[in-house]
Amino acid sequence: MSAAEEAPQTTDETADEQAEAPARELRFAYVAGVTPGKWVRRWEERVLDVPLRSFMSDDGAQLTVLRDGSADLSFVRLPVEREGLNVIPLYEEQPVVVAPKGHEISVFEEVALADLSKETFLDVAELGGPEMALQVVATGAGLVILPMSVARHFNVKDTVARKLTGAPTTQIALAWPSDSTDEVIEEFIGIVRGRTAASSRQPSAQQEKPKKEPKPDRRGPAVKKPKVAQRYAPNPDKGRGKGSRKKGKR
């Protein structure tokens, strides 16, 4: 081995390598029907030094993206296998029934599940997911039950969706690996849960802000004005309102 190969790295070389190292990036996935725009906007307003990247995953891969490291967090549709994960339920979704265009449910604003007992319901998972299931519904093969947000997201032509009562609701949650929590992830969780930028539970609010140095006094030293001798006796009636002088003999 030559002496050049054995020579340690210089300070400049180490600094160059650190400069080339990629900056921290927070990545999250979300299933169809979740609209993460408001959380992205709040992140970009509060956190300027950590880029945020998002992408949509289907229901079958909502946990795979966490297991293989593609995402740091994932908005999932419950139920999911929680082994090795932190899971925070966020909100429930309104179920709808989707039928082919012209079906009798189109004349109602909402439908009870009990009134559809004679209908043929299709299995969304067996058909390859919501989008493919809606394509099949459009052919008149049967009906499906989906979260309203999912039906609106795909919005397949020649189908009609109505609110469904008496059906189990679905729930959206935020999940991430239990062993990967840090301040960046905690910051994102706080934003999703609605904490303000000034909340004491936000890592960014706990950081000590540098104290501002006092501005120099440009007015110069204060000069005291000399006292002026009073030439006249004070007026005893000064400051009294009208009619405040006592009446009496003069």
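Analyst: A pocket here is an open set of grid points with protein on both sides within 12 Å along at least five of seven lines, and its volume is the space filled by probe spheres set on the points. The model is predicted.

User: What is the volume of the largest pocket, and how many residues line it?

Analyst: The lining of the largest pocket divides into 14 nonpolar, 6 polar and 6 charged residues, and those nearest its centre are Asp59, Arg77, Val124, Pro130 and Leu146. For the largest pocket, the computed volume is about 550 Å³, and the number of lining residues is 26.

User: Which helices and which strand each supply at least two residues of that lining?

Analyst: Pro130, one of the residues nearest the centre of the largest pocket, is also a buried residue of helix 5. The elements that each supply at least two residues of the lining are helix 5 (130-138), strand 7 (144-147) and helix 6 (148-154).

User: Why do the buried residues of helix 5 line one face of the helix?

Analyst: The residues concerned are Pro130, Ala133, Leu134 and Val137, each of them buried in helix 5. An α-helix has 3.6 residues a turn, so residues three or four places apart point the same way. These buried residues of helix 5 pack against strand 5 (95-100), strand 7, helix 6 and strand 8 (159-165). Seen down the axis of helix 5, they line one face because they fall within an arc of 100 degrees.

User: Is Asn155 buried or exposed?

Analyst: Asn155 is found in the loop between helix 6 and strand 8, and its phi is near 45 degrees, a positive value in a residue other than glycine. With a relative accessible area of 60%, Asn155 passes the cut-off of over 50%, and is therefore exposed.

User: What is the omega of the cis peptide bond that joins Leu78 and Pro79?

Analyst: Most peptide bonds are trans. Pro79 lies in the loop between strand 3 and strand 4 (85-93), and for the cis bond joining Leu78 to Pro79 omega is about 5 degrees.

Technical notes
Residues numbered from 1 in each chain as written. Predicted model: local features only at pLDDT ≥ 70, side-chain atom pairs only at ≥ 80, totals over all residues. Heavy atoms only, no water. 1 Å grid on protein atoms, 1.4 Å probe; cavity = no way out; pocket = protein on both sides within 12 Å on 5 of 7 lines; lining within 4 Å. Helix = DSSP H or I, 4+ residues; strand = E, 2+ residues; numbered from the N terminus. Nonpolar A, V, L, I, M, F, W, Y, C, P; charged D, E, K, R; others polar. Buried < 20%, exposed > 50% of the residue type's maximum accessible area, 1.4 Å probe, protein only. Arc of directions from axis to C-beta. Contact = heavy atoms within 4.5 Å.
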